[in-house]
Amino acid sequence: MALMHLSECRKPAVAGFFYPEEAEELSTTVDSLIREAKWSRVEDDQPPFAIIVPHAGYVYSAPVAAPAYALLPRFKEQINRVLLIGPAHRIAFWGIASPSVGRFSTPIGDVQLDGDAIMALSRLPQVVIRDDAHAQEHSLEVQLPFLQRALDRFDLIPLVVGLASADEVAEVISVMTAEPGTLVVISSDLSHYLDSEAARRLDRQTVDAILALDGQAITDEGACGRSPIKGLLKVARVLDLKPELLDLRNSGDTAGTKDRVVGYASLVFRRTATGGLRRAERETLLHVAQSAIRRGLAEGAPPTIEAGGYAPALAQQGASFVTLKKKGRLRGCIGSLIAHRPLVVDVAQNAFAAAFNDPRFGPLTDDEFASISTLEISVLTAPKALAAGTLAELSAALRPGLDGLIVRDGGRRATFLPQVWQQLPDRSSFLQHLWHKAGLAPEHWSPGVELWRYRTQSFATTPDKW
């Protein structure tokens, strides 16, 4: 496995060709496109889960991409990482290619890569580190100026898809989106070099398939990024995401002739509101967790909370985990697996315990509190029993990035939140580390093993927003 060369940078390959090469002109162009884009009809209190955008020269495709990027500025405080996936155009290879460098550059500036996430993904058999796949690839590069102008700060996970299945792409998306604040960007054009009317018919067919979450209905001629799109659709079906078409045109509609056109579409995928906490409720819980830690630093005890004064969703019984990270590394994590008290009380108690009672760390100090990089809350669904007769059956039943897992055998018990897939993306490593956490031998199995899986709604904040 290659190491990340954090000091090295992938330089722009298509600046001055696909988009302006001067920083001021590029920024002005992108800002104007975002400002003039039509807004989506549907508003939401959560950031988009994913967008699909085209990747041709800006004069052709940027007006179609802009409506998707226009959705992002209002969520720039909540989006801190972008999983950017596009098809390979320059070289043929098996799998999904990640880079070894630490930064990607555009005329506007550098974008920092999430090296830890990229190295974790490299444990998956379909992910390979290939800088040659990225060196001249435009499908990712043309999206970066839009992301730079729409979002203040973000880390990037850039992946170029070669010969890879939709399932392999879906696994990567599922694993990486377990981390709160991650936006998926799929870069794809639609039909290529048909006349305008034929392109309209095929592009409409492709878009209808996307809106129906039907990847099998997307033909090889329907989209150059069909594998990334199909992978996203598999995840969308599991998560019950709702797609919406923002714009659908071709190069004959924007800046080219109508005899040989390329099709473009922009779409957004949103989480459905069913069963989740709304933005105000999430912000309240984050404030409660922060206050509990501050109270602990000042008085050595968590606050006393009367749940009746909070919204019904927070006053009802709920189970949560609270995680603290210091400079991106775990600094404390304590939680409840079963709902046994009001959710707002559970969060307050677990926030205090994560800061001061996690046996893996000493009590949090004032100086350490100032260096906490992330406070994350995960609200758990009710655990459901998972039937498996062997470790192999259990491994096959798991959904990487989606499932949290509880194992119990006799007096030994442990759990991993879905976010752990970020560090242990392959099923074998995930189970081995969970078994170790429970004090079980790596290949242990017995008739008494009990298993439950659950999902989480996770959200986070950083000190600059406290």
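Keep in mind that the model is predicted. A search of the whole structure turns up seven aromatic pairs, and the salt bridges come to 26.

**Around Leu183**

- Leu183 sits in strand S9, which covers residues 182-187.
- With a relative accessible area of 0%, Leu183 is buried, because anything under 20% gets that label.
- Setting aside neighbours within four places in sequence, Leu183 is in contact with Pro48, Phe49, Ala50, Leu72, Ile79, Arg81, Val82 and Leu83.
- From Leu183 to Leu140 it's 43 residues along the sequence and 14 Å through space, C-alpha to C-alpha.

**Aromatic rings**

- Phe17 is exposed, at 67% relative accessible area, while Phe18 is buried, at 13%.
- Arg10 puts its charged end over the ring of Phe104, at 5.5 Å from the ring centre.

**Salt bridges**

- One of the 26 salt bridges joins the side chains of Asp167 and Lys234, at 3.2 Å from N to O.
- Asp167 belongs to helix H7 (residues 166-176) and Lys234 to helix H9 (residues 226-239), so this bridge ties together parts that are 67 residues apart in sequence.
- Asp167 is partly exposed, with 49% relative accessible area, and Lys234 is partly exposed too, with 28%.
- Glu197 pairs up with Arg200 in a salt bridge whose closest N and O atoms are 3.5 Å apart.
- Those two, Glu197 and Arg200, are about one helical turn from each other, because they are three residues apart in helix H8 (residues 196-211).
- Glu197 is partly exposed at 47% relative accessibility, and Arg200 is partly exposed at 36%.
- Glu197 and Arg200 also belong to a network with Asp253 and Lys258, joined by salt bridges that share partners.
- The side chains of Asp358 and Arg360 form a salt bridge as well, at 2.7 Å from N to O; here Asp358 is buried, with a relative accessible area of 3%.

Key
Residues are numbered from 1 along each chain as its sequence is written. This is a predicted model: local features need pLDDT of at least 70, side-chain atom pairs count only at pLDDT 80 or more; totals for chains, interfaces and linings use all residues. Side-chain values use heavy atoms; hydrogens and water are left out. Helices (H or I, at least four residues) and strands (E, at least two) are DSSP runs, numbered from the N terminus. Buried means under 20% relative accessible area, exposed over 50%, partly exposed in between (1.4 Å probe, protein chains only). Contact means heavy atoms within 4.5 Å. Rings of Phe, Tyr and Trp (its six-membered ring) pair if their centres lie within 6.5 Å; planes under 30 degrees apart count as stacked, over 60 as edge-to-face and the rest as tilted. A charge sits over a ring if NZ of Lys or CZ of Arg is within 6 Å of the ring centre and within 35 degrees of the ring normal. A salt bridge is a side-chain nitrogen of Lys or Arg within 4 Å of a carboxyl oxygen of Asp or Glu.
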